[in-house]
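Hello,

I am handing the structure below over to you. My notes on what turned up follow it.

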Amino acid sequence: MIKNLHSRRSFLKGTALATGGILLSLQLPDTTRTRAALAASNPSPFIPNAFVKIDDQGVTLIMPHTEVGQGIYTSSAMMMAEELELDLDQVKVEAAPPDMSKYMDPNLYDQATGGSLSTRSDWMRLRQAAAAARIMMVSAAAARWKVDPSTLKVERGMIQDPATKQQLSYAEIAPEAASQPVPNDIKLKDPSQFRLIGTRAKRVDTAAKVNGSVLYGIDIRQPGMKIATLALAPVKGGKLASMDETACRATPGVIDIVKSGDDAVAVIGEHMWAAKQGLEALALTWDHGANGKVTLDSIVAKMDEASRAQGVVIRNEKNAQAAIDKAATKLSAVYQSPFLSHSPLEPLNCTLHIRTDGAELWVGTQVPVRAQKAVADATGLSPDKVVVHNQPMGGAFGRRLDVDSIEIAAKLLKDIRYPVKLVWTREQDMTHDYYRPYYYDRVAAGLDADGKLVGRTHRVTGSSIYARWAPAAFINGVDPDAVDGAAETPYDEDAVLTDYVRQEPDGMNTSWWRGVGPTHNVFVVESFVDEMATAAKQDPLEFRRRMLTRNPRALAVLNLAAEKAGWGQKLPAGRGRGISLQFAFGSYLAHILEIEVGASDPMIRLVRSVIAVDCGITINPDTVLAQMQGGVIFGLSAAMFNEITLTDGAVDQTNFDTYRVMRINEVPKIEVYQIHNNEAPGGVGEAATAAAAGALANAIFATTGKRIRSLPLADALGG
């Protein structure tokens, strides 16, 4: 049986449309502590969410989550089509407008896309809404024909009466269906009945991307639109000292100069080149302020000091420290994970047309309600006067979960009455990111005489994203994301102590990055598990197997990856393999990476990446494959090359020449093996990213004997 993710019955209701169709909405409750805390800050946390529209134009999924390249438009459409007895090509997808009362994610208590939660959040509610629609359509047809609804069949959206050969389309019966009672008992399909779910499906957005018709935010054009670009204070808290307005206005094509306070200046031009040249002509100078002397070393020194004190206890079982003190073998280490930039291929941008009576915003955002509110607050308009056109995104990786760029644009353009597209240059984008936090981890463990783990401690020190982004979830000083993968691991553990120390970095904004907490915690835990295996003089695979007696799903992915990777088979000189195992984002994943290190060249060559994943029931296997491939490349690229550093308060990395991206020729052969079952679906968008660094670090040790506890790994090897 598929596990229902929610503890109480869901409620649906039907609404007649002016077009003669039907719109279904759905309400889902939730009970977890974090979500309840978030709900407390939301005035109406359990109001209906509308998803299904059926009218004379066909069937439309009003998509509650945004498409950031993860394929959710396809997977969600498959779920809805499955219960409506449609084929995928019969479902249109439409981005939901900002409306918390209808489109709030039940796991985030926000209209947001992130945390690899889209399928997990929509798995029940979209299918229930679609099934209810089907039942109401069939009931309406049965009433018209005066027959028992159970005698009717549905195929490709056509309701058929086998006895009389009569048939009706959903569009034809929709007006009558709107008056049908909402079914009290909605029976969903058993997995054995699925026609679409679990099959390979072409993505619904592929054609538009191939022929170029898809419009990303940066592609928007409006009549009379001008282009702007901006400069922000290079140091957080800095202020504008001087600028040459005369030279700027003399630049051909420059239309205007706008400011927001003393830390943001934009030049509006007829085109991007004019705006960019005008900005350079401004010859801006800045007073760097209190953060002008901040360096990465000064930030890390404060984290080191903070990490020496007891933090907020997350998990404390059976006095782990006492067990370690009595252990035959004791281990301890400090691991460090750097600041990371999102740097999506499509840099930050938005198009605004602000009028006295309203505003329109064209942007790719993961949080449309927050985007709407940012414009409303900056302009003094009420939110209902701000229309948001949410565009597909050319990458986000969590960056578009924040709306600072939209807020800045609205403040800069609040007195401009023609449409303006504000585009951040790559340099402004990279140096003013909301970065993945720097983490400083202190870990220790004890092994008995047989090499068995008897106790483990893990102290995470780092910034709290929850405290800023969702303060209602920051309960008793605990950031649940910062310790995700540290407090709970897949392994058999009886004596564990995990605590968290919040330490905010000077001069840096931090935010969600693809995988955030698990990307650093899985690296730390899995690297340290390898250290334990070495201390126990055991094979890393066998050491892990011995600690998985209570977790058959984790053991299954580990065994599958080992089998497919040929673990134990002899490798050529200069090659080694590393393992990483995790339970994160609701999915089990094992990653075995094979690398090669030359005798005279310290650079690492990635040879082969083998991933085994159990994400529960799979909607579209091709989506899982793509996310595993993209995620592991993203994670390996960061683990190999990426870090954000500071000099005199300013970020050093300005473009992809100093913030390295893996080249095509550097990508290993990637093999993905999926375990199929009927467990509730897990997330896949971030799982492989979290699995990258630990496998790489362990492969380096297996190849060179060098233990690396600080990222990026290429720097540690001297490459």
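**Cavities**

Seven cavities of 30 Å³ or more turn up when the whole structure is searched. Bear in mind that this is a predicted model.

The largest cavity holds about 100 Å³ of space. Its lining consists of P338, L340, R436, W513, T519, G635, A638, A639, N642, T689, A693 and L711. By class, that lining has seven nonpolar residues, four polar and one charged. Helix α18 (residues 621-641) gives the largest share of the lining, three residues.

The second largest cavity holds about 70 Å³ of space. It is lined by L348, N349, V363, G364, T365, R399, R400, D402, S405 and I406. Here the classes are three nonpolar, four polar and three charged.

**Aromatic rings**

There are nine aromatic pairs in the structure. One of them joins W123 and F194: the ring centres are 6.4 Å apart and the planes stand at 85 degrees, so this is an edge-to-face pair. The pair links distant parts of the chain. W123 is in helix α4 (residues 118-145), F194 is in the loop between α5 (170-177) and α6 (206-211), and 71 residues separate them. W123 is buried, at a relative accessible area of 0%. F194 is buried too, with a value of 14%.

Y335 and F523 also pair. Their ring centres are 5.6 Å apart and their planes are at 85 degrees, so the pair is edge-to-face. This pair again links distant parts of the chain, with Y335 in strand β15 (residues 329-337) and F523 in helix α15 (residues 516-535), 188 residues apart. Both residues, Y335 and F523, are buried.

One aromatic cluster is made of F397, W513 and F634. W513 is also in the lining of the largest cavity.

Two arginines sit over ring faces. R127 lies over the face of W123, 4.1 Å from the ring centre. R502 lies over the face of F474, at 5.2 Å from the ring centre.

**Salt bridges**

The search of the whole structure gives 53 salt bridges. E85 and K189 meet in one through their side chains, at 3.1 Å from N to O. That pair links distant parts of the chain: E85 is in the loop between α2 (72-84) and β5 (91-95), K189 is in the loop between α5 and α6, and the two are 104 residues apart. E85 and K189 are both buried.

The side chains of D87 and R156 meet in a salt bridge at 2.4 Å, N to O. D87 lies in the loop between α2 and β5, and R156 in the loop between β6 (153-155) and β7 (158-160), so this pair ties together parts 69 residues apart in sequence. R156 is partly exposed, at a relative accessible area of 38%.

R156 has a salt bridge with D89 as well, where the closest N and O atoms are 3.6 Å apart. D89 is in the loop between α2 and β5, so its pairing with R156 in the loop between β6 and β7 ties together parts 67 residues apart in sequence. Is D89 buried or exposed? D89 is exposed, with a relative accessible area of 65%.

These bridges belong to a network. Its members are E82, E85, D87, D89, R156, K189 and R195.

Best regards

Methods. Residues are numbered from 1 along each chain as its sequence is written. This is a predicted model: local features need pLDDT of at least 70, side-chain atom pairs count only at pLDDT 80 or more; totals for chains, interfaces and linings use all residues. Side-chain values use heavy atoms; hydrogens and water are left out. Rings of Phe, Tyr and Trp (its six-membered ring) pair if their centres lie within 6.5 Å; planes under 30 degrees apart count as stacked, over 60 as edge-to-face and the rest as tilted. Helices (H or I, at least four residues) and strands (E, at least two) are DSSP runs, numbered from the N terminus. Buried means under 20% relative accessible area, exposed over 50%, partly exposed in between (1.4 Å probe, protein chains only). A charge sits over a ring if NZ of Lys or CZ of Arg is within 6 Å of the ring centre and within 35 degrees of the ring normal. On a 1 Å grid over the protein atoms alone, a cavity is a set of points where a 1.4 Å probe fits but cannot get out, and a pocket is an open set with protein on both sides within 12 Å along at least five of seven lines; lining residues have an atom within 4 Å of a point. Grid points are joined across faces, edges and corners, and a volume is the space filled by probe spheres set on the points. Ala, Val, Leu, Ile, Met, Phe, Trp, Tyr, Cys and Pro count as nonpolar, Asp, Glu, Lys and Arg as charged, and the others, Gly among them, as polar. A salt bridge is a side-chain nitrogen of Lys or Arg within 4 Å of a carboxyl oxygen of Asp or Glu.
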